Amino acid sequence: MKTLIKKGTVVTASETLQADVLVEDEKVAAIALDLAVQADRTIDATDRYVIPGGVDVHTHFDLPFGGSFCSDDFGTGTRAAAFGGTTTCVDFALQDYGESLRQGLDRWFEKGEKAQTDFGLHMIVREVNDQVLKEMDQLVGEGITSFKLFMAYPGVFMLDDAAIFKAMQRAADSGALIMMHAENGGPIDVLVQQHLAEGKTDPVYHGLTRPAAMEGEAVHRVFKMAELAGAPAYIVHLSSRDALEAVHRVFMMAELAGAPAYIVHLSSRDALDALQEARDRGVAAYAETCPQYLYLSLDDLARPGFEGAKFVCSPPLRSKDHQDELWKGLAQGDLQIVATDHAPFNFKGQKDMGRDSFADIPNGLPSVEDRVTLIFQRVRSGQLTPSRWVELIATNPAKMFGLYPRKGTIAPGFDADVVVFDPNRERVISAESHHMNVDYSCYEGMTVWGLPEVVMQRGNVLVENDQWLGTEGGGSFVPRSRFQEP
Ligand code: URP
Ligand code: ZN
Ligand code: ZN
């Protein structure tokens, strides 16, 4: 089957050019001006960008959390992702207490049978023992090359320092990447209980009981242990200036060890300063941020009534003044990836379990469908180049998380994951029209430009003019190689 995408503006991380793209079966076969090929199907991409399918390296489909399950499963979540121009998600498989990593992974493969786009997996480790440590090596061999550990959520996900340290040592041996959720869950839990006892039950107290100092403390601990273990570590959700000194420390360490350092969910100007300073010295220092840290703030968490519950995630949204600096970091190259941390919970029936106590509001925000378009707004306003946009939402995530040279760009031999994006389509984001299985949008009423008009995975059209043409189970698991520098 040959598909010819004609007259579009092809955007890759390195160039933007007028060209035709020939797709043959599952692969990109050629890119050239005026390709004279007899195709089975021709798509007119005049006045459209032709970009690689987005890669979102941080999603939570069907995750049991906060007394509930994330409301998108692999079926609805990947379908919504594709409507938004993302054709590969890397989700987090979860080990339950008392079970092996293999059992948790098998359960995630079962969930993944519904996937409508391709997907990779990280593994959340909840219990560390000799068997689990051996299994970590096996999983790396099978293409699950990163492990998330939690210092927060006591009794739910939290590991003690000895367990974290053992997992780090193992990762150092196998070349796996440790991704840390760095917030000190013990004191946070005490503060939560004290606030509740004083009758402070509103959503805004979610933010106020998770002080940045407890994130800074946890980040310090991670890097001290990582230094001892000789393992690279990746901090998930880093969000505060208190973590600044620790961020400096990790980059110094990375410089010494010659190992890359990767910060997840970077959301503060202060942490970004540390990152820039390290990069200026030539350190292999990298970080991602998320749409919620670019567009949303503490003001949203403090919305009156119970509205703030829609914005409860951990670490919490920080103050607005950090946002411009994060955007600059994306434009100037200090931040490499935009991922979502998509963890959707319905307002009715899930978030509202916390009406009497913010501690009972499940943590997480939906945005897997919005990411590509939200970041495009800065291309529209001339503050990001089209190539940088593509690099942030597709090429760098694919490279850094071992999906390259299969995903992440448009080039002969790559999977034909291709999006025809209409930059001039004006629309309003709303839960009424989005495809995520969640009853609200964090961006409700926001006017945006741009629509992924045709979305193709491995040569098959999944979305065309807002119609779903994919199939449940049409997505495949993609084994990943180890962390690569972009
Ligand atoms: O609030 C969040 N981020 N929920 C998802 C779970 C996690 O910590 O990544
Ligand atoms: Zn986390
Ligand atoms: Zn997450």
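Which residues are the closest to ligand 1 among those that surround it? Let's start there. The model is predicted, so please keep that in mind throughout.

Ligand 1 is surrounded by 13 residues. The closest are Lys 148, His 181, Ser 314, Asp 341 and Asn 363. And where does ligand 1 sit? Its place is the largest cavity.

Now the polar contacts. Take Ser 314. A polar backbone atom of Ser 314 is 2.8 Å from an oxygen atom of ligand 1. Next, His 60. A polar atom in the His 60 side chain lies 3.2 Å from an oxygen atom of the ligand. Then Tyr 153. An N or O atom of the Tyr 153 side chain is 3.3 Å from an oxygen atom of ligand 1. How much of the ligand does the protein bury? Taken alone, ligand 1 exposes 270 Å², and the protein buries 99% of that.

Ser 314 is joined to Pro 315 by a cis peptide bond. Omega there is about -10°. Pro 315 is in the loop between helix H11, residues 298-301, and helix H12.

Asp 341 is the other one. Asp 341 is not a glycine, yet its phi is positive, about 55°. Find it in the loop between strand S16, residues 337-338, and helix H13, residues 371-380. Is Asp 341 buried or exposed? Its relative accessible area is 9%, and the cut-off for buried is under 20%, so Asp 341 is buried.

On to helix H12, which spans residues 323-332. Five names to look for here: Gln 323, Leu 326, Trp 327, Gly 329 and Leu 330 are buried. Why do they fall on the same side of H12? Because they cover an arc of only 155° around the axis. What about the face turned away from that buried side? That face carries the exposed residues Asp 324 and Gln 332. Just after H12 comes Gly 333, with a positive phi of about 100°.

There is another cis peptide bond to point out. It runs from Tyr 404 to Pro 405, with omega near 15°. Pro 405 lies in the loop between helix H14, residues 386-400, and strand S17, residues 418-428.

Another positive phi, too. Asp 466 is a residue other than glycine, and its phi is near 70°. It lies in the loop between strand S19, residues 460-464, and strand S20, residues 467-468.

Gln 194 lies in helix H5, residues 185-197. At 42% relative accessibility, Gln 194 counts as partly exposed. How far is Gln 194 from Thr 209? They are 15 residues apart in sequence and 9.4 Å apart in space, C-alpha to C-alpha.

Then Lys 166, in helix H4, residues 161-174. Lys 166 is partly exposed as well, at 43% relative accessibility. Lys 166 and Val 128 are 38 residues apart in sequence, and 7.7 Å apart in space from C-alpha to C-alpha.

To close, back to the ligand. Ligand 1 sits in the largest cavity, and Ser 314 and Asp 341 are among the closest residues. Thanks, that's my tour.

Key:
Residues numbered from 1 in each chain as written. Chains lettered and ligands numbered in written order. Predicted model: local features only at pLDDT ≥ 70, side-chain atom pairs only at ≥ 80, totals over all residues. Heavy atoms only, no water. Buried < 20%, exposed > 50% of the residue type's maximum accessible area, 1.4 Å probe, protein only. Helix = DSSP H or I, 4+ residues; strand = E, 2+ residues; numbered from the N terminus. Arc of directions from axis to C-beta. Near = heavy atom within 4 Å. Polar contact = N/O pair within 3.5 Å; in protein donor to acceptor, adjacent residues only side chain to side chain. Areas by Shrake-Rupley, 256 points an atom, 1.4 Å probe, with all protein chains shown as cover. 1 Å grid on protein atoms, 1.4 Å probe; cavity = no way out; pocket = protein on both sides within 12 Å on 5 of 7 lines; lining within 4 Å. Sits in = over half its atoms within 2 Å of the grid points.
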